[in-house]
Amino acid sequence: MHKILRTRRIALLATVATSTLLLSACGGGGTVGGGDAKAFSLTINDDNHIVQEELTALSKGTCAAQNKALPLQIQTLPIGNVDQKVQLLAGQNALPVQFAAGGTPQLTKTLDKAGQVLDLEKTLKDLGVWDDLQPAAIKTVENLYGKFNVMPYQFNIEGIWYNKKLFADHHIAVPTTYDQLVAAAAKFKGAGITPFSADGKDGWPLTRLVSGYLYRELGPDALQAVADGKAELTDPPYAKAAQAIADLGKAGYFGKGVGSIDYDTATQQFLTGKAAMFYMGSWALGDFNDKTKNTIGADNVGFMPFPTVAGGKGSADQIPANVGLPVAVSAKSYDAKVGDWLSCITKNYGAASLKDQGTVSGFKPHGDTGSLPPLTQTVQDTISKTTTSILWFEALFNTKATETSQTNAAPLVTGSLSAKDFMQKIQTDLDNG
């Protein structure tokens, strides 16, 4: 099984100048249905092997007829060059049929305003395949872009993975409330076991805990309210969430030296039984299902959503999710042949991706999915039952605020930066962005 790709994000934003260039170069229209594409072209980051391989497999198998009519053609670029290339091609009215959406939602929104991005909700409904999408994936895309206009070739949910054996050995029930989670952490620490393994070096696994608390306290619109200017991160309910995670660090629940622990080390800590819990996305399934890395055994790994907060407006069935670096479709290239391809992909990609790659997508898996590892099946079942998805902490932030958030996450949990100052730093960048 191929290792599930880790979520990768580009630290680039379309500048005001670029936005103006795109809008003036592209106009506001872009008639859908007049495309004259010579190939089913795709421009994508070169490290996204799974999407490339699966589309290639479909072109030789289930979608061979569509490929004969409009051959699949893939161009790859280093991930840091994708946004720049897409902006350049958009300005020349030369976008490929499919292209990796921007590292932040802003670029895709700018292109959409310019009439360059296909309305996939309307298109897939017209093609009769809208119901082949996972509702949670639809909601995640809408949360990010304001509408459904990218193909969810990858779909990841996030939550707390836990060591079943450690919980059983120490007679700890799986927490359903935040207070129970903190009590479990205290008990593990008292037994000499690190409660939470966390990548503090990169920061984002820690800020995911802040947003987890926020969404349970304030509900699924908590960070959208900040993006809309209706709330600020320095408001008391928001600062409370940062303080809650700072308190976990103060109590020593992340172990020693969390600021120097990277992703691979944090994963290893959990998979070798040195930590009881690990907040992470389902892209980690590749490591969990790898017997050479997972010495506690995949059967001993459980999944729980971030627990509820007493008196909070959110619920545990609202699952954090992302669609990796998704793929948009050019409105100006669309025609019947492109539609045939999109229809075939939407109906068949979900099962094919599970069977061939062991990866979960935003498409419902119809047909033969092969024999799935139990953890992968758990994720797929959770996705199928999820109707409300939420985003990660920095999803709607600008580039500067995202960097500030992640570089200050470790200081937040080690006590060298107060929760109030942590939120103030980010809010300042949001205000100036």
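Phenylalanine 288 counts as buried in this predicted model, at 1% relative accessibility; buried denotes under 20% relative accessible area, exposed over 50%, and partly exposed the range in between, with a 1.4 Å probe and protein chains only. Residues are numbered from 1 along each chain as its sequence is written. Because the model is predicted, local features need pLDDT of at least 70 and side-chain atom pairs count only at pLDDT 80 or more, whereas totals for chains, interfaces and linings use all residues, and side-chain values use heavy atoms, with hydrogens and water left out.

The structure holds 17 aromatic pairs. Rings of Phe, Tyr and Trp (its six-membered ring) are paired if their centres lie within 6.5 Å; planes under 30 degrees apart are stacked, over 60 edge-to-face, and the rest tilted. Tryptophan 161 and phenylalanine 288 form an edge-to-face pair, with 4.9 Å from centre to centre and 70 degrees between the planes. This pair links distant parts of the chain, as tryptophan 161 belongs to strand 5 (residues 156–163) and phenylalanine 288 to helix 14 (residues 285–288), 127 residues apart. Helices (H or I, at least four residues) and strands (E, at least two) are DSSP runs numbered from the N terminus. Tryptophan 161 is likewise counted as buried, at 0% relative accessibility.

The rings of tyrosine 178 and phenylalanine 306 are stacked, because their centres are 6.0 Å apart and their planes lie at 20 degrees. Tyrosine 178 is in helix 9 (residues 178–190) and phenylalanine 306 in the loop between strand 8 (301–304) and strand 9 (319–322), so the pair ties together parts 128 residues apart in sequence. Tyrosine 178 is buried at a relative accessible area of 8%, and phenylalanine 306 is buried at 3%.

Ring pairs also join Trp161, Phe270, Phe278, Phe288 and Phe303 into a cluster. Phe270 is one of the buried residues of helix 13 (residues 263–271), together with Tyr263, Ala266, Thr267 and Leu271. These residues lie on the same side of helix 13, because they cover an arc of only 130 degrees around the axis, the arc being that of the directions from the helix axis to the C-beta atoms. The buried residues of helix 13 pack against several elements, including strand 5, helix 14 and strand 8. Glycine 273, which follows helix 13, has a positive phi near 80 degrees.

Lysine 38, in the loop between helix 1 (16–26) and strand 1 (40–45), is exposed, with a relative accessible area of 70%.

Notes:
Contact = heavy atoms within 4.5 Å.
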